[in-house]
Amino acid sequence: MSCNYEYDKSIVSCIHLDRCFQLKYQSRKEQKGEVSVTANLGDSQCKIELSSVVPPDGLPRTTFMFPNGEVSVKEKYLNEGDRILSVNGIVRSHVLNGVWTALYSDNEMNLKYRYKDEELSFIPSLSLPSNSLSFAFKRQFTPSDKLSYHYQFDTNYWSAVYKHRATKHVKWKVGYESDERLGWASLWVGDAGGRTKEVPMKAKVQLMLKVPQDNVKNSAVVFHVKKRWDF
């Protein structure tokens, strides 16, 4: 079976040789492409994939995929022009009604746990070997009101944002960032949603007030307009 379809700025061709093998080629309009071959390992849910850019510029990337994550090995260019093998991987697991994630990239490890229900989200994170510990907290009070808080233990940096949606077309936010000792308030007016046929012009208008804690006289008002026409 083969298929050829276009999405965004790419054209993808896919051929299934049988239930175990798949050959896929992706071509972007910038005249670059990528070809990959994927094979299932027996009747298990594990797969191995070899992929390379077109035209090739080195060894293909090898990715081993399993139910809870994947590990990939690829060539990486250093500033001096030398090449080394770079190992990256991610593992996910459900623990205590949340999701635990371990992300490894170029000798750095990030451990993150995410607990989320309909009203509360709590995300502690630890980076190794820097031992940088942080956590994010989000609380949904009502469908229109939400509080977000982030704290970094090694730098004592923290930030907080409160969001409120007054109507479908109006929402406002207030927040504070400790590193810049900056308080701010932002008002959005406009609806960027809706189907293209119903909303040929999509626009949002933002009015933001920034108030430095150390020098209130240097407060500033920022005005942004985001718009897009769809025909």
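The following dialogue examines how terms are applied to this predicted model.

Tutor: Residues are numbered from 1 along each chain as its sequence is written. In this predicted model local features need pLDDT of at least 70, side-chain atom pairs count only at pLDDT 80 or more, and totals for chains, interfaces and linings use all residues, while side-chain values use heavy atoms, with hydrogens and water left out.

Student: What makes up the secondary structure of the protein chain?

Tutor: The protein chain has zero helices and 18 strands. Both are DSSP runs numbered from the N terminus: helices are H or I with at least four residues, strands are E with at least two.

Student: Why are Tyr151 and Phe153 called an edge-to-face pair?

Tutor: Rings of Phe, Tyr and Trp (its six-membered ring) pair if their centres lie within 6.5 Å; planes under 30 degrees apart count as stacked, over 60 as edge-to-face and the rest as tilted. The centres of Tyr151 and Phe153 are 4.9 Å apart and the planes stand at 85°, so the pair is edge-to-face.

Student: Which residues do ring pairs link into a cluster?

Tutor: The cluster holds Phe122, Phe135, Tyr149, Tyr151, Phe153, Trp158 and Tyr176. The whole structure has ten aromatic pairs.

Student: Why does Phe153 count as partly exposed?

Tutor: Buried means under 20% relative accessible area, exposed over 50%, and partly exposed in between (1.4 Å probe, protein chains only). Phe153 has 42% relative accessibility and therefore counts as partly exposed. Val37, in strand β4 (residues 32-40), is likewise partly exposed because its value is 39%. Buried residues make up 24% of the 231 residues in the protein chain.

Student: How do you know that strand β7 and strand β8 pair?

Tutor: Two strands pair if DSSP finds at least two bridges between them. Strand β7 (residues 69-77) and strand β8 (residues 83-95) have nine bridges in the antiparallel sense, and Lys76 stands opposite Ile84 in β8.
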